[in-house]
Each structure stands twice: as structure tokens, then as C-alpha cells.
Amino acid sequence: MKITRREAIKLGLASSGALLSPFGFSDLALAQFSPQIPRFEQPFRLPPELKPARSDATTDYYEIVMQKAQVEFLPGLKTEIWGYNGISPGPTIRQQRDRKSVVRFINNLDVSTSIHLHGMASLPQYDGYAEDLIPPGYYKDYRYPNNRASTLWYHDHAIRHTSRNVYMGLAGMYIVEDDVERSLNLPQGEYEVPLIIQDKKFAIDGSLIFDDRGQRSLYGDVMLVNGVPWPRMEVANRKYRFRILNAGASRTCQLSLSTGDDLIVIGSDAGLLSAPVRTKTLRLAMAERYGFIVDFSKYPIGTRVILRNPILPTNGDIDARTSEIMCFDVVRRESDDSSLPDKLRLVQPIPVSATTPVRTFRFGRGGNQWTINNQTWNRHRVDANPNLDGIEIWNLVGAGGGWIHPVHIHLVDLQLLDRNGSPPLPYERGWKDVFYVGENQTVRVVAKFGPHTGKYMMHCHNIVHEDHDMMTQFEVGQGGPDPMSVPAQPLPAPPL
Ligand code: C2O
Ligand code: CU
Ligand code: CU
């Protein structure tokens with residue numbers, strides 16, 4: 001059935017804010033709008049912080065059970081999720097640099113999973129290799145070194161099913177802090193706030209609709225922050241530090257404040273910037289993380305500040321309501337003893353020269369699949385073999401066709417050299433592990449490949465693309481541990 005937008009509105013299928021998808025999925029999309037709910041009414045909330053089950057001199061031991069749950073995202077409706085400890089997003093883990101973590105993930109779902117801690121330099125056997133699956137009724141203890149302070153996230157990475165599993169709820173934040181960062185006296189405690197953004201689509205009965213449009217992309221028309229649609233957060237008139245993560249499947253966000261004031265960016269994916277960067281708009285592609293400060297002290301009590309997300313043409317959007325994410329209501333006066341220093345943590349440029357090795361990876365489409373250098377995933381093939389501690393420049397090239405690809409490279413923290421020869425955006429000049437690669441763009445990134453040897457994945461973080469099949473692997477050095485060498489074990493598990 002083909003219907004026009006006007007007919008759809010007459011039939012009550014489309015909200016007045018509805019837009020037609022630029023990709024021609026209109027009939028599908030129009031048939032499936034989420035129930036319309038008011039924005040900025042549900043209270044903001046934080047995912048709970050997970051306490052270790054046990055700690056010793058060097059290590060904290062945590063346990064997370066993957067299980068189904070019924071939760072209320074939309075007022076009065078129940079939605080089945082697959083959650084870490086039955087919630088989505090999962091609990092936040094907050095860890096100190098150089099303490100070690102062991103996280104036991106128990107699979108009580110009826111699908112296989114693999115858990116990747118995105119941003120951590122884990123050994124290959126603990127990196128959530130896509131084929132190193134935890135079957136239902138099994139568990140695996142993952143070990144993490146916590147060797148740098150940054151905003152990370154853990155999420156599912158099961159081969160060909162990452163998009164479904166993450167969309168069903170398997171994602172959570174993981175924060176590593178250290179003394180250097182604490183000494184900066186940035187807003188902390190209740191003034192340091194994780195914001196995990198996801199877009200989802202719901203059926204009339206509240207169930208999640210997973211529609212990847214023929215393995216192309218997955219967009220929702222409800223914006224959730226920490227699992228709450230369009231939440232309203234009450235804030236004091238002072239500085240807040242936000243750690244924002246785009247955990248959506250395919251949507252690139254473009255953040256701005258309704259007041260027209262600056263977002264003050266202090267950190268990128270893998271740590272603090274050298275100095276704060278003021279910007280009116282902040283692009284946040286899938287899996288990217290930024291830290292930013294908002295200073296609410298200039299607003300009179302009673303001011304509402306909306307976090308906006310003007311729709312980007314590269315998103316296959318179906319509803320203009322995604323152009324707003326959440327609101328902050330300034331409701332009380334408070335003194336503020338936090339600081340915003342001019343210098344944060346120096347980002348030393350990785351040295352490059354005319355002899356630095358260069359490799360090129362082209363992100364495209366062929367044979368109805370998403371490809372890297374015209375190839376799809378094969379765990380027996382390695383597409384790059386940097387030396388341990390070798391510095392290399394990688395050209396990440398986006399093919400045409402209207403698609404963008406946020407490219408993620410496991411293990412290493414990288415720096416962006418340039419995009420089509422132009423300098424990176426000011427807030428991209430820090431440590432990163434995801435890079436927005438637009439249509440016909442060549443993005444040059446550099447990394448020092450270590451500290452571990454072994455095989456690691458690289459893929460597009462549009463997780464629909466990743467699943468079908470825009471993923472490959474590189475191997476650092478020779479003779480590293482096999483990523484499949486520590487398989488999941490059947491339950492029951494011994495004590496942690
Ligand atoms: Cu966040 Cu390989 O993924
Ligand atoms: Cu990763
Ligand atoms: Cu992609």
C-alpha cells in the first residue's frame with residue numbers, strides 16, 4: 001500500500017510532525033509510529049551504580065545477569081527488554097584507574113551473547129570477540145585492566161545479532177576515574193551525570209519494534225535518555241558535568257541547547273581534552289562519547305533548557321520529535337565550588353613522519369552487504385598486522401550512496417589527523433576510538449598499536465552495518481592469545 005503523507009495524517013497514522021524518510025521507506029514507516037506520548041514529563045533518572053560482590057587488594061569482582069524483564073517506558077504499557085540485571089541501560093560500573101575488574105556475565109536469556117567493554121584495552125580473550133559467545137545457561141568472567149581514565153560502555157557484540165541484542169537493551173556505562181582528573185575539581189558526585197541516548201520504536205502494545213529496513217539501518221521515533229523517553233531533569237543553578245553516550249543503532253545526533261548557549265566540551269571518547277572547547281553544536285555519532293559542562297548559573301530559576309538534536313539529513317528519520325532529547329529545568333539555587341580549569345589533561349600528539357606505515361580501509365556496499373575493502377567478516381582472515389607498539393596511519397574511506405559510517409577500532413586509543421585534508425572538529429582533537437566517516441570522506445587516524453598482541457575487531461558502529469557485515473579484524477604483532485581461548489562455562493558458576 002502506498003499512501004501519501006496527507007492521507008496518512010487523515011488516517012491518523014502520522015503525527016503532524018511526521019516527515020517522509022529520504023530513503024523511500026515511507027509506507028513501512030508510516031504504518032509503525034510509536035504511541036505518541038508527551039515529552040518532558042517523565043522524571044530523569046540515573047542507572048544505578050553497581051557495587052562489587054567482593055573486593056581484594058587489587059581487584060573488584062562484579063556480577064551481572066543478562067535477563068528478560070518487563071519495564072514501563074511508555075506510561076501504562078509494558079515493554080519486554082533484555083537487560084543487564086534486567087534493566088536498560090544496565091547498571092553503571094565506576095572504577096578507579098589501575099585497580100582491576102573481573103565482571104562475571106551470566107546468560108539467562110535464550111540467545112547467545114558476547115560482551116565488549118568498548119574503550120578498554122582488554123586482552124583478546126576478554127574483548128567480547130563476536131564469535132566468542134556465551135550460550136544461554138553459560139557464564140564468562142571478563143577481566144579488565146582499567147589502565148586509563150575515560151567514559152566507556154559495555155554492550156553486546158554477538159556475531160550477526162549485535163543490533164538486535166543492543167536494541168533489546170544490552171548496553172551500560174562504565175567509568176574509569178583517576179586522581180589527575182579528580183584534582184581538576186570538575187563537577188562531581190551528583191553533578192556528574194551519565195546521559196545514555198537511544199532511539200527506539202514501540203508498537204501499540206508497548207513492545208519494541210525491531211525494523212532494520214532490510215539490514216540497512218534501525219531508527220526509532222522515541223528518544224530515550226537512561227531508558228526514559230524525553231525526560232525532564234531538575235537542576236540547580238550551577239555547573240554540571242555530563243558524560244554523554246550515543247548508544248543508538250543508526251542515528252547520529254547533533255546536540256545543541258535551546259538557549260543558544262555553548263556546550264563546553266571537556267572530553268572525547270577515551271579521555272579528557274587538553275583544554276575545554278566551546279561549541280554550539282556537538283556531533284555525536286553512534287558509540288561516540290563526549291564529556292561536557294553546562295553552566296546553568298546564568299539562567300533564572302524557572303528556566304527550561306532543552307537539549308536539542310536538529311535532524312541530520314543522513315538519518316533516515318520518520319518523526320520530527322527526535323529533534324529534542326530531554327530538558328533541564330532550573331529549579332533551585334545552590335553554591336558551586338567546582339571549577340572549569342583552562343587546561344585539562346595534555347593530549348600528546350602521536351608522532352608521525354613520512355615513513356609511518358599507512359593502510360586504507362574502504363567502507364562500502366556490495367552484493368547486498370556492507371563491506372570493508374569489498375570483504376565481509378571472516379574470523380580466519382586478518383586484514384592488517386601492525387607491529388606491537390608500531391605507529392600506523394589508517395585511512396578510513398567512506399563510499400558514496402548516502403551513508404555515513406562511524407568506524408570503531410578496538411584495543412587502541414587513536415587521534416584524528418584530518419578529514420578530507422581539513423583539520424578535525426575542535427572537540428575531536430583528543431583521544432578517540434570512533435570516527436565519523438561521511439560520504440566520500442577520507443578520515444586519517446593514527447594509533448600506536450598495543451599494549452597487547454593478538455586479534456581485535458574493527459567495524460562500523462552502525463550496528464546494523466556491523467552485523468551485515470561491515471567488520472574485519474587486525475592482529476597486533478605475532479603469537480598473541482587466541483580470542484576464543486577462554487570459552488564461556490556452563491552454569492552453575494563457582495563463587496566469584
Ligand atoms: Cu562498541 Cu566493537 O564495539
Ligand atoms: Cu570497542
Ligand atoms: Cu556503516
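Residues are classed here as buried at under 20% relative accessible area, as exposed at over 50%, and as partly exposed in between (1.4 Å probe, protein chains only). The structure is a predicted model, in which local features need pLDDT of at least 70 and side-chain atom pairs count only at pLDDT 80 or more, while totals for chains, interfaces and linings use all residues. Residues are numbered from 1 along each chain as its sequence is written, chains are lettered from A and ligands numbered from 1 in the order in which they are written, and side-chain values use heavy atoms, with hydrogens and water left out.

Metal donors were taken as N, O and S atoms within 2.8 Å of the metal (3.2 Å for Na, K and Ca); water is not among the atoms, so sites may look incomplete. The copper ion (ligand 3) has His405 (ND1), Cys460 (SG) and His465 (ND1) as its protein donors, at 2.0 to 2.1 Å. Along the chain these donors follow the spacing H-x54-C-x4-H. Cysteine 460 is buried, with a relative accessible area of 0%, and histidine 465 is likewise buried, at 0%. The copper ion (ligand 2) is coordinated at 1.9 Å by His116 (NE2) and His408 (NE2). Histidine 116 belongs to strand 6 (residues 115-118) and histidine 408 to strand 25 (residues 405-409), so the pair ties together parts that are 292 residues apart in sequence. Strands (E, at least two residues) and helices (H or I, at least four) are DSSP runs numbered from the N terminus. Both histidine 116 and histidine 408 are buried.

An automatic or database domain assignment divides the protein into domain 1 (189-332) and domain 2 (358-476). Their C-alpha centres lie 25 Å apart. With contact defined as heavy atoms within 4.5 Å, 26 residues of domain 1 touch 24 residues of domain 2. The buried area, that is, the accessible area (1.4 Å probe) that two parts lose on being put together, summed over both, is about 2,200 Å² between the domains, and carbon and sulfur atoms give 54% of it. In domain 1, Gln215, Arg216 and Arg283 lose the most area to domain 2, together 27% of what that side buries.

Salt bridges were assigned where a side-chain nitrogen of Lys or Arg lies within 4 Å of a carboxyl oxygen of Asp or Glu. The whole structure contains 41 of them, and four cross the interface of domain 1 and domain 2. Lysine 432 is paired with glutamate 288 in a salt bridge, with 2.7 Å between the closest N and O atoms. Strand 16 (263-268), strand 17 (271-279), strand 18 (282-284) and strand 19 (289-295) each supply at least two residues of the side of domain 1 that touches domain 2. Strand 17 provides the largest share of that side, four residues.

Aspartate 413 and arginine 148 form one (2.9 Å, N to O), linking positions 265 residues apart; both residues are buried. In another, the closest N and O atoms of aspartate 199 and arginine 251 are 2.8 Å apart. Aspartate 199 lies in strand 10 (residues 192-200) and arginine 251 in the loop between strand 14 (239-246) and strand 15 (253-257), so this pair ties together parts that are 52 residues apart in sequence. Aspartate 199 and arginine 251 are both buried.
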